[in-house]
Structures are given as C-alpha cells and as structure tokens.
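Please read it alongside the sequence and the model.

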Amino acid sequence: MVEAVWCDAGPHARGRLLLVVHHLAVDAVSWRILADDLATAWHTATHGPGTALPPVTTSYRHWSGLLASQAREAAREAELPLWEAALSTPDPQLGHRPLDPARDTADRTRTLVTHLPAAWTKDLLTTVPAAFHAGVDDVLLTALALAVRSWRGQRAGATGTDLPGDTGVLLDLEGHGREQIADHVDLSRTVGWFTSLYPVRLDPGPAETRDPARLDAAHVERALKRVKEHLRTVPDHGVGYGMLRHLNPATRASLAGAPQPQIGFNYLGRYPAPPGAGDGGADWEVLLDGGGPRSQDPGMPVHHVLDINAHTEDRADGPRLVTRWTWPGDLLEEPDVEALTEAFTRALRAVAELAERPDAGGWTPSDLPLVSLSQNQIDRLQNKWGGRK
C-alpha cells in the first residue's frame with residue numbers, strides 16, 4: 001500500500017523523496033495531511049523536540065462503519081428517487097459506440113490540458129461566487145453545462161441528428177467525500193480514500209435556437225442560478241449515492257442497472273504552482289507529478305467516455321485554472337474534444353464577465369429558507385430594489 005524511496009542527490013544538491021501510496025489508502029486531501037505531517041516530523045527529528053502532530057479525531061474504521069450503518073437507514077433510502085431521476089436524464093451517446101471495459105483501458109486513453117489565464121480565473125474564483133452567493137463548483141459546473149449543451153447542439157447540426165427535448169446535462173461529480181453526516185465526526189486529520197462519486201442533472205436552460213454557441217449575459221446569469229439550485233437539492237454533497245449503490249442490498253440493484261453518466265468531472269481545489277528548475281524553495285515542497293510511475297494500471301477500465309479534472313494553480317501573476325480532458329482514443333476524435341474545450345473556455349469567460357456587470361448576481365430560493373419565494377419572485381424584488389445585496 002505504501003512505499004517510500006529516498007533519492008540522494010549528493011552533499012551539494014537537494015534530494016527527493018518519492019512516495020507511492022495506493023488509492024485504496026489515500027485521496028487528494030490525504031496527500032496534504034501526509035505532506036504537512038512529514039515536514040513536521042522531519043523538523044522534529046533533525047532539530048530536536050518541536051510541534052507534536054495533532055491527534056486524529058475520527059478513525060477511518062469508524063467512518064467506514066458509519067457509512068455501512070447509515071446506508072440502511074430510512075433517511076438515506078428516501079434519497080433513492082432523487083438518484084433514479086438523475087440517472088434517467090436523456091444522455092445521447094458521445095462516442096461512435098458505447099464504453100467497453102475490455103477495450104477502453106487506461107493505456108488507450110488520450111489527454112488534452114487547457115489553461116485559463118489569471119485575468120479570467122480570478123473572477124471565477126472570487127467575484128462571481130460572491131455575487132451569486134455560490135461556490136466555485138457552482139460556477140465551473142455552470143460553464144461546463146453550457147459548454148456541453150452548446151457542443152452537442154453544434155455536433156447535431158453538423159450531422160443532421162436530433163437532440164432530446166430535455167436540455168439537462170448528465171454528469172458524474174467527484175467530491176472529497178468528507179461530509180459532516182453525523183455529530184462528533186472530524187475528518188480533517190484522517191487519512192484514507194473518502195472520495196464520493198454521484199450523478200447529477202444540470203439544466204442550464206434552452207440555448208439560442210439560431211446559434212447554440214451564443215452566450216449572452218442574461219442567459220448565463222439564469223443558467224448559473226439554475227445550476228446552483230440543482231446542486232443544492234443534493235443531500236450531503238452526494239455521499240448518500242455511494243451508500244445506496246454499494247452498501248444497501250435493497251437499493252443496489254436499481255442503481256447498478258441504470259445507465260451511467262458518460263462524463264465525469266472533478267474540481268481538485270487550489271495548489272501552489274510547481275517550483276521551477278533551480279528554485280531554492282523551502283525544505284519540503286510537494287511535487288504532485290514528480291516524474292514517478294504512472295498513476296494507473298494500464299489495463300484498468302476507464303469509467304467515463306470523458307473525464308474532466310480541473311484544479312487551480314496559484315502563480316506569481318495570479319491563479320490559473322488548469323483542466324485535464326481524458327478519453328479513450330477509440331471513442332472520440334481529438335478535434336471533437338478540442339471543440340468541447342473551446343466551448344468550455346468561451347463559457348468560462350462568459351461567466352467571468354458577469355463580474356463586470358454591477359447588476360449581476362443576487363439570491364436564489366435556497367439562500368432564503370425562511371420564506372417561500374420562487375426565482376421569478378426573487379428576481380422581481382431584485383429588479384425593484386436593485387443591487388447585489
């Protein structure tokens with residue numbers, strides 16, 4: 001499960017420690033915990049008594065038992081219609097054939113990496129979420145839903161095929177999985193694989209009939225509010241889906257037999273930019289891709305026709321959004337994926353440009369739980385009284 005190799009570069013150069021840990025034992029959050037603890041322990045070992053490592057409040061064993069017990073509770077089973085409804089979203093085939101676990105494996109995938117400049121990324125991470133009382137995930141997923149809907153519209157127009165009347169986009173969302181599902185649970189110091197994966201239907205609304213790629217400000221604002229509200233209907237950020245899909249015998253078959261999303265999305269958060277060659281840096285710096293072995297078994301089946309993994313790098317000129325697009329090479333042509341990445345970039349810029357409009361933003365029904373107001377009623381009040389307040 002764990003292997004550590006010290007690469008000694010000699011007395012006058014910095015060495016490097018290669019840590020290889022199986023995904024069964026760690027997730028992305030765990031790496032941050034391990035890196036901080038390793039630096040603290042090294043400093044104590046080399047400089048004498050120092051800061052003790054903080055305790056682990058909730059063990060991984062306790063968390064696993066909690067998931068197994070909650071999976072059979074009535075409150076969790078009541079989520080089943082929500083997941084069944086999401087999985088029933090019309091999802092036109094992306095590739096020229098369905099995903100095949102025997103043919104579509106890790107060693108047959110291709111990857112594109114795209115970068116969004118700091119000038120646009122900054123507003124996506126700060127100004128726009130603040131104006132809409134939303135999270136960064138809400139903003140990125142709105143842009144992705146708009147991009148997928150536009151991309152599908154353009155492909156349908158080019159091939160003469162019909163799109164379903166439903167404008168929803170079906171996605172598998174991957175989250176950190178460390179949810180507060182019970183009192184006295186603290187997972188901030190727990191190492192393990194907590195990652196959650198769950199289906200969602202995101203509906204940005206109908207596109208412009210004559211030009212599916214057109215994104216005017218009013219339409220983008222409505223889409224962001226709609227997507228935000230869709231995500232707010234998901235209990236505990238989707239951790240219940242895995243319980244019902246894998247741990248409850250009464251619900252497992254229903255969810256396992258449903259068509260699965262073809263697109264997966266994961267936003268991994270913010271990271272320092274990797275140091276450049278020759279940087280002095282601190283005693284310990286994490287290199288997320290330090291030239292180690294590949295992270296997947298070549299024969300491992302891929303889970304989606306298209307996997308999208310995004311993160312933000314904090315650089316000297318500001319934050320930059322980095323997105324990795326991975327797909328089985330036999331299913332999609334690279335120009336098709338490039339067209340989707342361009343649609344995503346256009347949508348991200350359209351969302352970021354909302355920050356320049358003083359009247360953009362506002363509340364949605366989930367922000368006002370003590371009153372019963374529809375989005376139209378909230379918008380009318382905002383139009384009457386003005387401002388983003």
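Two cavities of 30 Å³ or more are counted; a cavity is a set of points, on a 1 Å grid over the protein atoms alone, where a 1.4 Å probe fits but cannot get out. The model is predicted, so local features need pLDDT of at least 70 and side-chain atom pairs count only at pLDDT 80 or more, while totals for chains, interfaces and linings use all residues. Residues are numbered from 1 along each chain as its sequence is written, and side-chain values use heavy atoms, with hydrogens and water left out.

**Largest cavity**

- The largest cavity has a volume of about 50 Å³, a volume being the space filled by probe spheres set on the grid points, which are joined across faces, edges and corners.
- Its lining consists of Thr114, His115, Leu116, Leu321, Thr323, Thr341, Phe344, Thr345 and Leu348; lining residues have an atom within 4 Å of a point.
- Two or more of the lining residues come from each of β3, β8 (318–328) and α11, where helices (H or I, at least four residues) and strands (E, at least two) are DSSP runs numbered from the N terminus.
- Helix α11 gives the largest share of this lining, four residues.
- By class, the lining of the largest cavity has four nonpolar, five polar and no charged residues; Ala, Val, Leu, Ile, Met, Phe, Trp, Tyr, Cys and Pro count as nonpolar, Asp, Glu, Lys and Arg as charged, and the others, Gly among them, as polar.

**Second largest pocket**

- The second largest pocket has a volume of about 440 Å³; a pocket is an open set of points with protein on both sides within 12 Å along at least five of seven lines.
- Its lining holds 20 residues, of which Ala218, Glu221, Arg222, Lys225 and Asp379 are the closest to the pocket centre.
- Helices α8 (217–232) and α12 (375–385) each supply at least two residues of the lining, and the largest share, seven residues, comes from α8.
- The lining of this pocket divides into four nonpolar, eight polar and eight charged residues.

**Salt bridges**

- The whole structure contains 20 salt bridges, each defined as a side-chain nitrogen of Lys or Arg within 4 Å of a carboxyl oxygen of Asp or Glu.
- Arg110 and Glu334 form one of them, with their closest N and O atoms 2.5 Å apart. Arg110 lies in strand β3 (residues 109–116) and Glu334 in helix α11 (residues 334–352), so this pair ties together parts that are 224 residues apart in sequence.
- Arg110 is partly exposed at a relative accessible area of 39%, and Glu334 is partly exposed at 22%; buried means under 20% relative accessible area, exposed over 50%, and partly exposed in between (1.4 Å probe, protein chains only).
- Arg270 and Asp314 form a salt bridge with an N to O distance of 2.6 Å. Arg270 lies in strand β6 (residues 263–272) and Asp314 in strand β7 (residues 306–315), so the pair links parts that are 44 residues apart in sequence.
- Arg270 is partly exposed at 38%, as is Asp314 at 33%.
- Asp359 and Arg357 form a salt bridge at 3.3 Å, N to O; Asp359 is partly exposed at 45% and Arg357 is partly exposed at 25%.
- A network of salt bridges links Glu221, Lys225, Arg357, Asp359 and Asp379.

- Buried residues of helix α4 (residues 80–87) are Leu80, Trp83, Ala86 and Leu87. Seen down the axis of α4, they fall within an arc of 130 degrees, so they line one face of the helix; the arc is that of the directions from the helix axis to the C-beta atoms.
- The buried residues of α4 pack against α3 (74–77), β4 (169–175), β5 (196–202), α9 (239–247) and α10 (249–256), where contact means heavy atoms within 4.5 Å.
- In helix α5 (residues 118–125), six of the eight residues are buried, so α5 is largely enclosed by the rest of the structure. The buried residues of α5 are Ala118, Trp120, Thr121, Asp123, Leu124 and Leu125.

**Positive phi**

- Most residues other than glycine have a negative phi.
- His133, not a glycine, has a positive phi of about 50 degrees; His133 lies in the loop between α6 (127–131) and α7 (136–159) and is partly exposed at 27%.
- Asp236, also not a glycine, has a positive phi of about 50 degrees; Asp236 lies in the loop between α8 and α9 and is partly exposed at 30%.
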